[in-house]
Amino acid sequence: MASEQPTSPDRDDAARRDAALALPARVATAVVGAVAALAGSYAAAGSTPDFVVAPVNAFVVNTSPASLVAFSIQTLGHLDDLLAFALSVALTLLLFALAVAVGLDAGRRTSVPLASAGVAALAVWALAAALTRRPAAALATALPAAVVVVLVTRLSTPAPDRSTVRRRVLLAAAGTVGFGALAALAGGLRTLPPGEEMAPPADAARLADQARAKELADVGDVPGLVSPIGEFYRVDIDSIDPMLDAGQWTLTVTGAVDDELALSYADLRAMDAATKFKTLRCVGEGLNDRLMGNAVWTGVPLADILARAVPGGDCGCVILRAADGYYEEFPLAALRTGFLAYGMNGASLPRAHGYPVRALVPGHWGEINVKWLTEIEILEREATGYWEERGWHGTGPVNTVAKLWGVERRDDGTVVLAGHAYAGTRGIERVDVSTDDGSTWTDAVLSDPLDPADVLGARDAWRQWRYAWTPDPGSHRVVVRATDGTGTVQSGEDAAAFPNGASGRVRRTIDV
Ligand SMILES: Nc1nc2c(c(=O)[nH]1)N[C@H]1C(S)=C(S)[C@@H](COP(=O)(O)O)O[C@H]1N2
Ligand SMILES: [Mo]
């Protein structure tokens with residue numbers, strides 16, 4: 001005899017609820033919850049290493065195979081950073097979506113009210129805390145994600161059907177967009193530049209005036225001799241820069257030294273300051289690219305600090321370490337001529353350029369000019385720097401280069417060619433231009449050299465050049481080359497930036 005299976009209304013309801021929250025709805029809820037979690041994190045942390053995307057970005061960057069990094073820097077240039085960042089955001093969203101999904105799944109296995117939201121909040125919090133190691137700040141990710149889950153899974157009688165759940169997901173998504181906008185504002189305020197105010201050093205204004213006075217007239221839109229802070233190129237391993245508090249910052253000098261030192265920001269500021277020009281150039285830039293800039297830097301000569309520590313060690317080498325996990329090894333002799341900068345163009349060193357303190361090493365490729373500097377370790381034996389582990393050779397002096405950044409055709413038929421030339425501490429002696437593919441050469445006009453104004457007398461700043469020319473009709477192959485202060489002419493051998501820095505001469509075809 002068939003017995004009637006009594007169906008409890010409760011179980012019916014649970015089944016309905018479960019069916020309404022089918023896979024597509026759970027996926028959508030997980031994604032919306034993940035977006036809310038990221039927005040919450042951004043609202044609390046801004047664009048700082050406490051933002052949950054930052055550690056994922058650091059992981060992506062540090063685990064990318066060297067060959068891929070070299071390839072994408074050369075083919076994508078700055079897009080490479082953007083791509084890595086987009087990938088990091090996507091990966092972070094995926095991780096948080098999984099955490100929310102864990103909650104949704106747990107909720108389906110129990111009739112405890114709000115179990116989904118509770119478990120989702122816990123999973124999201126644990127993930128954020130593990131990524132950022134900031135358990136308290138991680139709450140800012142858990143709360144918005146939990147609200148999304150509550151909005152979708154909250155109990156109602158009768159249990160929601162699919163279309164009700166769909167409406168709820170849309171509502172949660174719309175709410176998350178609004179919350180995201182507010183979070184963007186709040187995060188933006190959190191990321192205001194660090195507040196250290198610096199009275200402009202007198203020398204900074206004097207040097208800026210000097211540079212302006214020495215700039216060549218009539219070079220079109222070729223940049224001036226000092227790069228404004230907002231235009232100074234930037235190269236960072238991570239997309240999100242460290243945000244350091246000068247009051248908490250210390251620089252240690254460790255390793256093979258007679259006296260280990262720990263210097264505070266106040267200690268540095270109390271030392272005798274110097275202000276000087278220095279040009280920086282990235283080893284990874286293409287021959288005629290613009291990852292090269294010049295600024296007026298204020299800070300303390302490293303010789304004064306090393307004199308206190310008294311370095312020894314057998315390799316004559318040193319490694320600098322930074323708050324973003326970056327490290328570069330190079331000869332101690334180069335560091336002895338170096339400089340710790342806390343000012344740039346008369347203002348406090350900006351966060352993007354290493355606030356509160358960066359190293360500047362005369363004449364060397366940008367990469368050993370370590371930003372957000374935290375430690376100088378004098379080594380006993382050779383080590384390998386961040387970029388050298390990835391195949392680059394960028395710890396030495398820069399290659400000589402003349403850039404062709406301006407080609408201006410005048411109504412009277414003149415063509416004005418102009419650009420910048422840089423050879424590190426060797427200085428630029430001459431720039432020649434050929435309009436016949438290198439058969440004959442003519443001197444360009446050069447801007448007067450910027451004052452060494454450097455305690456060490458090093459002439460480590462670029463010069464502008466200009467060449468006005470009245471071409472015959474036809475096609476002309478223009479080539480430029482610089483000669484450094486030792487009389488050595490810029491190499492004519494073409495090489496890509498990887499691994500030793502671009503070499504060869506900038507060429508351009510000009511049709512008249
Ligand atoms: N801590 C740290 N220092 C760093 C880098 C970095 O990623 N992290 N990039 C280096 C590279 S490759 C260059 S070319 C210069 C660029 O300095 P800028 O960003 O101030 O122009 O900084 C160097 N110092
Ligand atoms: Mo660089």
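Mentor: In this predicted model, strand S5 (residues 317-322) and strand S10 (residues 373-378) run antiparallel and are paired over five bridges. Within that pairing, Leu320 faces Ile376 of S10. The two strands belong to an open sheet of five strands, in the order S2-S1-S10-S5-S6, and the pairing in this sheet is mixed. At its edges are strand S2 (261-264) and strand S6 (327-331), each of which pairs on one side only. On average, neighbouring strands of the sheet are turned by 15° against each other, direction ignored. Helix H11 (residues 302-309) lies across strand S1 (250-255), S2 and S10. Relative to S2, H11 runs at about 140°.

Next comes strand S13. Strand S13 (residues 415-422) is mostly covered, with eight of its eight residues buried. Val415, Leu417, Gly419 and Ala421 point one way from the strand, while Val416, Ala418, His420 and Tyr422 point the other way. Both sets are buried.

S13 has several pairing partners. With strand S17 (residues 463-469), S13 pairs in the antiparallel sense over seven bridges, and Val416 stands opposite Ala468 in S17. Strand S12 (residues 406-409) is also antiparallel to S13, over four bridges; here Val407 stands opposite Leu417. S12 and S13 make a hairpin with five residues between them, and in the turn Gly413 has a positive phi of about 95°. Strand S11 (residues 401-402) is joined to S13 by two bridges, again antiparallel, with Ala402 opposite Ala421.

Leaving aside neighbours within four places in sequence, Arg281 is in contact with residues including Tyr233, Leu287, Leu291, Met292, Trp365 and Gly366. The list of contacts also includes Asn399, Val401, Lys403, Tyr422 and Ala502.

Notes. Residues are numbered from 1 along each chain as its sequence is written. Chains are lettered from A and ligands numbered from 1 in the order in which they are written. This is a predicted model: local features need pLDDT of at least 70, side-chain atom pairs count only at pLDDT 80 or more; totals for chains, interfaces and linings use all residues. Side-chain values use heavy atoms; hydrogens and water are left out. Two strands pair if DSSP finds at least two bridges between them. Axes are lines fitted to C-alpha atoms, for helices over the stretch in contact, and angles run from 0 to 180 degrees between N-to-C directions. Contact means heavy atoms within 4.5 Å. Buried means under 20% relative accessible area, exposed over 50%, partly exposed in between (1.4 Å probe, protein chains only).
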